[in-house]
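This report describes the strands, the helices packed on them and the aromatic pairs of one protein model. The sequence and coordinates come first.

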Amino acid sequence: MTRLTPADLEAARDRLVPDIVADGLDVLFCGINPGLTTAATGHHFARPGNRFWPVLHLSGFTPRLLKPSEQGELPSYGLGITNVVARATARADELTAEEYREGGRLLTAKVERLRPRWLAVVGVTAYRVAFDDRKAAIGPQERLIGASRVWALPNPSGLNAHWTAATMAEEYGRLRAAAAEG
C-alpha cells in the first residue's frame, strides 16, 4: 500500500466508501464507520494494525489471508461489508448518538433489502447504540431483521487490545459455524 500522508488522511474525512454487498449473502459484516485510511484507499478495514482480515482468515471464513485491496473477492465466499455510519472519521468517538441511531435505521433497511442470513456488527458498543439495546453482549442477538439473524462481534481495531487475534478468531469462528448450519 502506498504510504498515506497526513494531508491524504485529512482529505478523506467525511468521504463515503462503497459497500461490498450482494443479495442473499451468508454474512454481512458491519463496521462502525470507515476510518480515514479506509476512506483514502477505498478499502474496508485498511488501517495497518486492524485485525479484521487476519481474523476473517483465522476463523475460517476465507481460505487465505486477503489484503484489504482484495475485498471484492468477499461475495464469492458469501460475505460482504457495510458500516453502521457511512461517513469517515479519524475516530469512532467523533460520531454522535444520533448518527448511530440513524445508521441503525438505514442498516435495517439495507438488511431487509439484501437479506443476508446473518448481520455481524463488529463492535458491540456500536450495536448497542444503533439498535438501542444497552444490554447486548458479544454473540448472537435475539433481534431479527426480516429473516436475518444478528451477531455482535468484537471490534477488530488494534485499539481493542483486550481481544487478541486468536480470541477474536474463536468468536468469529462461532459465527462461521452458525452460518454453516443454515
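## Strand 3 and the sheet

Strand 3 pairs with strand 5 (residues 148-153) in the parallel sense over five bridges. Strands here are DSSP runs of E with at least two residues, helices are runs of H or I with at least four, and both are numbered from the N terminus. Pairing requires at least two DSSP bridges between two strands. The model is predicted, and local features need pLDDT of at least 70, side-chain atom pairs count only at pLDDT 80 or more, and totals for chains, interfaces and linings use all residues. Residues are numbered from 1 along each chain as its sequence is written, and side-chain values use heavy atoms, with hydrogens and water left out.

The five strands form an open sheet in the order 2-1-3-5-4, with mixed pairing. Strand 2 (79-83) and strand 4 (139-145) are at the edges with a single partner strand each, so one side of each has no neighbour in the sheet. From one strand to the next the twist averages 25 degrees. Angles run from 0 to 180 degrees between N-to-C directions, with axes fitted to C-alpha atoms, for helices over the stretch in contact.

Contact means heavy atoms within 4.5 Å.

| Helix | Strands | Angle |
|---|---|---|
| Helix 4 (residues 97-114) | lies across strand 1, strand 2, strand 3, strand 4 and strand 5 | about 80 degrees to strand 4 |
| Helix 6 (residues 165-181) | touches strand 1, strand 3, strand 4 and strand 5 | about 170 degrees with strand 5 |

## Whole chain

The protein chain has six helices and five strands, in the order α-β-α-α-β-α-β-α-β-β-α from the N terminus. Its radius of gyration is 15 Å, close to the 16 Å from the globule rule for 182 residues, so the chain is as compact as a globular protein of that length. The radius is taken over C-alpha atoms, and the rule is 2.2 Å times the number of residues to the power 0.38. Of the 182 residues, 47% count as buried.

## Aromatic pairs

The structure holds seven aromatic pairs. Rings of Phe, Tyr and Trp (its six-membered ring) pair if their centres lie within 6.5 Å; planes under 30 degrees apart count as stacked, over 60 as edge-to-face and the rest as tilted. The rings of Phe45 and Phe52 have centres 4.0 Å apart and planes at 15 degrees, so this pair is stacked. Phe45 is buried at a relative accessible area of 13%, and Phe52 is buried at 0%. For Trp118 and Trp151, the ring centres are 5.4 Å apart and the planes at 65 degrees, so the pair is edge-to-face. Trp118 lies in strand 3 and Trp151 in strand 5, so the pair ties together parts 33 residues apart in sequence. Both Trp118 and Trp151 are buried. Ring pairs also link Phe29, Phe45, Phe52, Trp53, Phe61 and Tyr172 into a cluster.

How values were computed
Buried means under 20% relative accessible area, exposed over 50%, partly exposed in between (1.4 Å probe, protein chains only).
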